[in-house]
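Please look through the sequence and the structure shown below.

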Amino acid sequence: MYIILSDDTTGLRIGEGHQITLAAYADDIIIIGETEEDLKRMAEKLIMSRREQVQNPLVVGGFTFERVSNFKYLGVDVNQQANSHEEIKRRITAGNKSYFALVPVFKLKLISKNTKIRLYKVLIRPIVLYACGAWPSTKSDEKRLLLFERKILRRIYRPKRNEENLYGRRTNAELRAIFNEPNIVGILKSRRISWAGHVWRAEGQTVHDVTMWKPNKKRPIGRPRQRWTDRVKEDLELLGIREGEQLAKNRELWRGVVEAAMELQGPE
């Protein structure tokens with residue numbers, strides 16, 4: 001628990017000219033004030049500190065460069081929040097376009113289910129998982145990916161027929177049992193761990209130095225943002241691995257870790 005002292009006029013006076021303005025623990029914050037106006041002023045300060053700051057364009061030699069909150073680099077969305085939410089949505093949209101183009105093929109009974117699964121794995125899934133090794137994905141992102149994959153699997157395996165000779169929707173558990181392969185989240189986690197091994201082995205190179213660099217600044221008030229390294233370490237802990245950086249130096253052992261990560265199926 002952190003008690004934040006301030007010389008401001010807001011907050012609770014405790015003597016010696018100090019005020020208690022906030023009681024904070026992790027992302028839980030209590031605003032303390034003697035009057036309603038004090039609470040309003042403190043709340044406004046917190047809101048303003050989290051808002052995006054308006055920045056002027058950059059002018060160099062008579063040329064004006066617009067400041068943007070996000071841009072594309074090598075086909076990947078890069079944003080100032082350093083998250084992958086919009087990129088994953090964009091990838092799923094691109095995957096849907098490919099899927100709907102193949103729906104007539106998936107409907108054909110002359111083509112086997114195994115062939116349709118191969119079409120999904122070769123033509124659709126790579127579009128969705130492009131550059132996924134660098135995603136700091138959250139559980140909500142992973143749920144979106146699973147929903148996308150299940151939609152395609154339900155189309156391929158078609159509805160089931162029950163005892164009353166009526167067709168019904170296949171459950172998630174039934175899809176897992178029939179598919180019997182690592183799902184799209186397992187592939188994502190495996191590729192992310194594979195890329196982590198490459199980064200950790202690249203000592204002295206830019207990709208390693210940038211990833212391991214820690215800015216000498218304080219994090220803003222509120223819940224910390226999800227980082228790529230956090231997701232890698234969480235996945236490794238699920239596999240019972242705590243010294244991933246050291247283990248990654250052994251390529252043979254790391255290949256086994258990458259394969260084992262495919263069994264991390266993500267949220268239900």
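## The chain as a whole

Of the contacts in the chain between residues at least 6 apart in sequence, 56% join residues at least 24 apart. The model is a predicted one, and its secondary structure comes to ten helices and ten strands. Buried residues account for 31% of the 268 residues in the chain, while the accessible surface comes to about 18100 Å², with 54% of that area belonging to carbon and sulfur atoms.

## Packing of H2 and H4

Two packed helices are described by the angle between their axes and the distance between the axes. For helix H2 (residues 85-107) and helix H4 (residues 139-157), the axes come within 11 Å and cross at roughly 0°, which makes H2 roughly parallel to H4.

The H2 side of this contact includes Ile88, Ile92, Tyr99, Phe100 and Val103, and these and other H2 residues meet a set in H4 that includes Leu145, Phe148, Ile152 and Ile156. By residue class, the contact of H2 with H4 divides into ten nonpolar, three polar and six charged residues.

## Salt bridges

The structure holds 15 salt bridges. One of them joins glutamate 142 to lysine 189, with the closest N and O atoms 3.3 Å apart; this pair links distant parts of the chain, since glutamate 142 belongs to helix H4 and lysine 189 to helix H6, 47 residues apart. Both glutamate 142 and lysine 189 are buried, and the two also take part in a network of salt bridges that links them with Arg192, Arg231, Glu234 and Asp235.

Lysine 160 and glutamate 174 meet through their side chains in a salt bridge of 2.8 Å, N to O. Because lysine 160 lies in strand E9 (residues 160-161) and glutamate 174 in helix H5, this pair ties together parts that are 14 residues apart in sequence. Lysine 160 is partly exposed at 27% relative accessible area, and glutamate 174 is partly exposed at 26%. In a further salt bridge, arginine 255 and glutamate 252 have their closest N and O atoms 2.6 Å apart, and, being three residues apart in helix H10 (residues 251-260), they are separated by about one helical turn.

## Positive phi values

Most residues other than glycine have a negative phi. Alanine 131, however, has a positive phi near 60°; alanine 131 is found in the loop between helix H3 (113-128) and H4 and, at 35% relative accessibility, counts as partly exposed.

Asparagine 180 likewise has a positive phi, of about 55°, and lies in the loop between helix H5 (172-179) and helix H6 (184-201). With a relative accessible area of 62%, asparagine 180 is exposed.

Methods. Residues are numbered from 1 along each chain as its sequence is written. This is a predicted model: local features need pLDDT of at least 70, side-chain atom pairs count only at pLDDT 80 or more; totals for chains, interfaces and linings use all residues. Side-chain values use heavy atoms; hydrogens and water are left out. Axes are lines fitted to C-alpha atoms, for helices over the stretch in contact, and angles run from 0 to 180 degrees between N-to-C directions. Helices (H or I, at least four residues) and strands (E, at least two) are DSSP runs, numbered from the N terminus. Angles under 35 degrees count as roughly parallel, over 145 as roughly antiparallel, 65 to 115 as roughly perpendicular and the rest as oblique. Contact means heavy atoms within 4.5 Å. Ala, Val, Leu, Ile, Met, Phe, Trp, Tyr, Cys and Pro count as nonpolar, Asp, Glu, Lys and Arg as charged, and the others, Gly among them, as polar. Buried means under 20% relative accessible area, exposed over 50%, partly exposed in between (1.4 Å probe, protein chains only). Accessible areas come from the Shrake-Rupley method with a 1.4 Å probe; for residues, only the protein chains shown count as cover. A salt bridge is a side-chain nitrogen of Lys or Arg within 4 Å of a carboxyl oxygen of Asp or Glu.
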